[in-house]
Amino acid sequence: MVQNKLARELDTREFSERPKQWTQAELLPEPDRQPGYEYRWIRVATLNAADPRNLSAKLREGWEPVRAEEQPRFQLLVDPTSRFKDNIEIGGLLLCKTPKEFTVQRNEHFAKQTQAQTAAVDNNLMRQSDPRMPLFKENKSTVSFGSGM
């Protein structure tokens, strides 16, 4: 009977669970998202050389550095030698956030810009097109129903 009792103690969920598997660590962990904000890792240094031009441009676009207190999971990942003491910097990248409205407006701006540039290229190509040797051959076909007579 003692043997059965010992076997029963070992037969718990803890022992019957599947062994956990190793997974490679993420280079840049995903932050805990707050509603109404978008997050992005912004370059502040390349090969230990500061990149103030990029950081300045992003700050002017509306990105603001995320404080370490806002993301408690990242407390251990904060670089003690960083220029941004109260913020989250990993490998020359600074975690920043901006309101979702800004990203929607930014995406609309660049979509309009892309559309205008595409139209300009198409117009330039069509202007150079010669009817005797067109750049683009448009195939037109017609479909008729009935006897055709």
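This is a predicted model: local features need pLDDT of at least 70, side-chain atom pairs count only at pLDDT 80 or more; totals for chains, interfaces and linings use all residues.
Residues are numbered from 1 along each chain as its sequence is written, and side-chain values use heavy atoms, with hydrogens and water left out.

**Stop one: the cores**

Colour by burial next. Of the 149 residues in the protein, 19% are buried, meaning under 20% relative accessible area, while exposed is over 50% and partly exposed is in between (1.4 Å probe, protein chains only).

Now select Y39, W41, V66, A68, F74, I88, I90 and L95, the eight residues of the largest nonpolar core. A second, separate core has seven residues, among them V44, L55, W63 and C96. A core here is a set of buried Ala, Val, Leu, Ile, Met, Phe, Trp, Tyr and Cys residues joined through side-chain atoms within 4.5 Å. In soluble globular proteins, nonpolar side chains tend to be buried together.

W41 lies in strand β1 (residues 37–43) and is buried, with a relative accessible area of 18%. Its C-alpha is 9.4 Å from that of G92, 51 residues apart in sequence. C96 belongs to strand β6 (residues 93–99) and counts as buried at 0% relative accessibility. Show R67 as well: its C-alpha is 8.8 Å from that of C96, although the two are 29 residues apart along the chain.

**Stop two: the largest pocket**

Select A45, N48, D79, E89 and G92. Among the 13 residues that line the largest pocket, these are the closest to its centre. The space inside is about 200 Å³, a volume filled by probe spheres set on grid points joined across faces, edges and corners. On a 1 Å grid over the protein atoms alone, a pocket is an open set of points where a 1.4 Å probe fits, with protein on both sides within 12 Å along at least five of seven lines, and lining residues have an atom within 4 Å of a point.

Colour the lining by class and you get four nonpolar, six polar and three charged residues. Ala, Val, Leu, Ile, Met, Phe, Trp, Tyr, Cys and Pro count as nonpolar, Asp, Glu, Lys and Arg as charged, and the others, Gly among them, as polar. Strands β2 (45–46) and β5 (89–90) each supply at least two lining residues.

Go to L47 and N48. L47 lies in the loop between β2 and β3 (49–50), and N48 lies in that loop too. Neither is a glycine, yet L47 has a positive phi of about 50 degrees and N48 one of about 65 degrees. Most residues other than glycine have a negative phi. L47 is exposed at 83% relative accessible area, and N48 is exposed at 81%.

Step on to A49, in strand β3, which is partly exposed at 41%. A49 and G92 are 43 residues apart in sequence, with 8.9 Å between their C-alpha atoms.

**Last stop: a charge over a ring**

Finish by selecting K97 and Y37. K97 lies over the face of Y37, 4.4 Å from the ring centre; the cut-offs are NZ of Lys or CZ of Arg within 6 Å of the ring centre and within 35 degrees of the ring normal.

Key
Helices (H or I, at least four residues) and strands (E, at least two) are DSSP runs, numbered from the N terminus.
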